[in-house]
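Here is a short tour for someone meeting this model for the first time. Please look at the sequence and the structure before reading on.

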Amino acid sequence: MSERLVWSPLRLGPVVVRNRIVFSAHLTNYATQDGLPSEQHAAYYAARAAGGAGLIITEEHSTHPTDWPYEKLIHGFKPEVLPGYRQMTEAVHAHRTPIFAQINHNGGQASSMFSRTPVWAPSPVADPLFREVPKAVSHAEIAEIIEGYGAVAARCAEGGFDGIELQCSHSSIVRGFLSPATNHRTDGYGGSLENRARLLLDLVGAVRTAIGPGLALGVRLCGDELIEGGTTIDEAVDVARMVEATGQVDYINTSIGVATASLFMIEASMHVAPGYAMFIPSAIRKAVDLPVVGVGRFKDPLQAERALEEGHCDLVGVVRGQIADADFVAKARAGHTDDTRLCLSCNQECVGRMGLNRWLGCIENPRTGRESEHGGEVRLTSKPRSVLVVGAGPAGMQAAIAAARSGHRVTICERDHQPGGQIRLAASVPNRAEFGDLVRNQTSECRRLGVSLETGVSIDAIEVRRRRADVVIVATGADPARPWWAGDAANVCDIRDVLEGAVSPSGDVVVIDEIGFHHATSVAELLADRGCQVEVITPGMVVGQDLGITLDMENWWIRADAKGIVQSTELVPMGLEDGTLSLQHHPTGTMVERRPDWVVCAVPGTPADGLYHELRAAGIEAVRVGDCVAPRRAHAAVVEGERAGIAV
Ligand SMILES: Cc1cc2nc3c(=O)[nH]c(=O)nc-3n(C[C@H](O)[C@H](O)[C@H](O)COP(=O)(O)O)c2cc1C
Ligand code: SF4
């Protein structure tokens, strides 16, 4: 992309950003146990600055000890954060990129688990996620909150930040005050919009006083909470006007949803259309003169350029796009958009790991979360070897990428006629096509690194010797397993049989979900679309259990309902005889039966490790990675592939 709007600079008060791509705020869990910023924070943000981001906005820094909703939150209220602040800001400034700190108090959207003090909120309305009744704050406590924001903002200024963003959008006490759903007060902070916005405007004044005119100040607003009785776009626009009228704010950032009620729309997965949140910046920008940031599923710079050209926003937040590829901006600026490692919007290793209290990573970028290791350098080998990778699934491809990057000569041999392994199948079902970008991303990275990819080729020990490979990385994946209870019934198949087109189930179909992820739900949808009457049965408490952590659960329910898919839980298959499937309701021991035309199994596979053992027995140097070690999900394959490729 040549000189476009997206590459033009923009002034945000005292700060000029060099382009319009913002690495907007997001939790990382990189803080220390004591809530201090870490070396990993500095390396992570610096990598995105080096990769060309116009502006970095860090994750939230808590402004008060009553706000500790998750373990590794940056405790901005502690003076000890200062050295970490300086390390972070200096690392980012080294790349001539401004860095703002998002500051926040999460209010009632938290628990007392870590702080062991009641959570604070405008009214005693329990949050739907944390289910804890908060303490309604007194006027003295409101004054304490305002003082806390001022103190943290001043500390951020001392630590070298170029600006402050107030998180007033999807998880904040300010949002709590703004929203009619959570603010039931009858004093000067409740009732009319003017009253509900009072805390926000008080905070703007306090923070501006604390930072003076030399730093930028932004406010992040929710344009639609997507909850019953919550803030909608008309009120959000009015709040934006009030914010602008203070004359103390330099930009408005936007968001959609409430983090503890409608998070699946804030960090929308591939099941939500790109551009879904654009109506928010668009409406706000029409009402104010301040620069407005639009955010939500921008996957590539062309989408960003279109949003800017069409006047929806002045800046574009690209969060997961830059988690997946730190060089998102630099590649596009250089005209190498095709080289971008496109985010899959899968939420598996970024959002998903946050939900599990682990550090932020990325399913397809093993460097994410590890930027501080080895100074971020790639070590080139002094002894290039000839590496044969067998299998072009995510593990094999990543092994090839890592080995080639280190300077080895790499060939991948794939038995199938296309690369991708199970990823290709996973991406072939309704709404999951973006998952296939993993194959596209890895294939093009292999091409750039000079990896030779041969498809339709089978490998055995004789072939390895003929090819004179120094080392073989075996990534042969997993085979479907037939469950013990299925016997030899002809109407039982694996999901892979369906996806590969080997069978075409029709009529009444039971899909057994023993994996608890997209496998069963995807095939259920595919078959429902083909006209089957589908029931998904799981021994678990919920079908597709892990869809919760990737924020896919809500939309699965909506789609399943629309397609007439029945979901039955806590049922364990016990046998299939004469067409009758016996199931035990395990909490009670009760037996139930079904007589489906087909049973489709989403059950754990078995490692396809035959080649690995054959090579080892033949005395050939071989390592194995991914599902042929133990069948798991794609992130494990990528991480293991990376490790094996580096270790060559
Ligand atoms: C793992 C993760 C954590 C997030 N945490 C925050 C946060 O602390 N504050 C905030 O304002 N937004 C947060 N967000 C929301 C992002 O700023 C952004 O609105 C969202 O990811 C959509 O943008 P994207 O599609 O470019 O990823 C988070 C997003 C992700 C992926
Ligand atoms: S884990 Fe998935 S959604 Fe998250 S940044 Fe990586 S590719 Fe994108």
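## A nonpolar patch

Which residues make a nonpolar surface patch of about 360 Å²? The patch is made by W484, M574 and M591. Patches consist of residues with over 30% relative accessible area and no salt bridge; like charges are joined within 9 Å, and nonpolar side chains (Val, Leu, Ile, Met, Phe, Trp, Tyr) within 5 Å. Accessible areas come from the Shrake-Rupley method with a 1.4 Å probe, and for residues only the protein chains shown count as cover.

M574 sits in strand β22, which covers residues 571-577. Its relative accessibility is 35%, so M574 counts as partly exposed. The scale runs as follows: buried is under 20% relative accessible area, exposed is over 50%, and partly exposed lies in between (1.4 Å probe, protein chains only).

## About the model

This is a predicted model, in which local features need pLDDT of at least 70 and side-chain atom pairs count only at pLDDT 80 or more, while totals for chains, interfaces and linings use all residues. Residues are numbered from 1 along each chain as its sequence is written, chains are lettered from A and ligands numbered from 1 in the order in which they are written, and side-chain values use heavy atoms, with hydrogens and water left out.

## The whole chain

The protein chain has 22 helices and 27 strands. Both are DSSP runs numbered from the N terminus: helices are H or I with at least four residues, strands are E with at least two. The C-alpha atoms fill a box of roughly 75 × 65 × 45 Å along the principal axes. A compact globule of 648 residues would have a radius of gyration near 26 Å, and the protein chain agrees, because its value is 26 Å. That radius is taken over C-alpha atoms, and the globule rule is 2.2 Å times the number of residues to the power 0.38.

Of the 648 residues, 60% count as buried. The accessible surface of the protein chain comes to about 24,600 Å², and carbon and sulfur atoms account for 52% of that. Contact means heavy atoms within 4.5 Å. Among contacts between residues at least 6 apart in sequence, 71% join residues at least 24 apart.

## An enclosed strand

Is strand β10 enclosed or open? All five of the five residues of β10 (residues 251-255) are buried, so the strand is largely enclosed by the rest of the structure. In a regular strand the side chains alternate between the two faces of the sheet. Here Y251, N253 and S255 point one way, I252 and T254 the other.

Strand β9 (residues 216-222) pairs with β10 in the parallel sense over five bridges. Two strands pair if DSSP finds at least two bridges between them.

V625 lies in the loop between β27 (622-624) and α22 (634-647). At 3% relative accessibility, V625 counts as buried. Beyond its neighbours within four places in sequence, V625 is in contact with residues including A395, I473, V474 and E640. V625 and G477 are 148 residues apart in sequence, yet their C-alpha atoms are 8.4 Å apart in space.

Two residues other than glycine have a positive phi. R116, with a phi of about 55°, lies in the loop between β5 (99-104) and β6 (120-121). R116 counts as exposed because its relative accessibility is 73%. L551 has a phi near 65° and lies in the loop between β20 (533-537) and α20 (553-562). L551 is buried, at 8% relative accessibility.

## Salt bridges

Side chains of opposite charge can pair when their charged atoms come close. A salt bridge is a side-chain nitrogen of Lys or Arg within 4 Å of a carboxyl oxygen of Asp or Glu. The structure holds 29 of them.

D187 bridges to R185, with the closest N and O atoms 2.8 Å apart. D187 is partly exposed at 23%, whereas R185 is buried at 12%. R370 bridges to E373 at 3.2 Å between the closest N and O atoms. E640 bridges to R632, where the closest N and O atoms are 2.5 Å apart. E640 is buried, with a relative accessible area of 15%, and R632 is partly exposed, with 36%. Elsewhere, salt bridges that share partners join R297, K299, E434 and D437 into one network.
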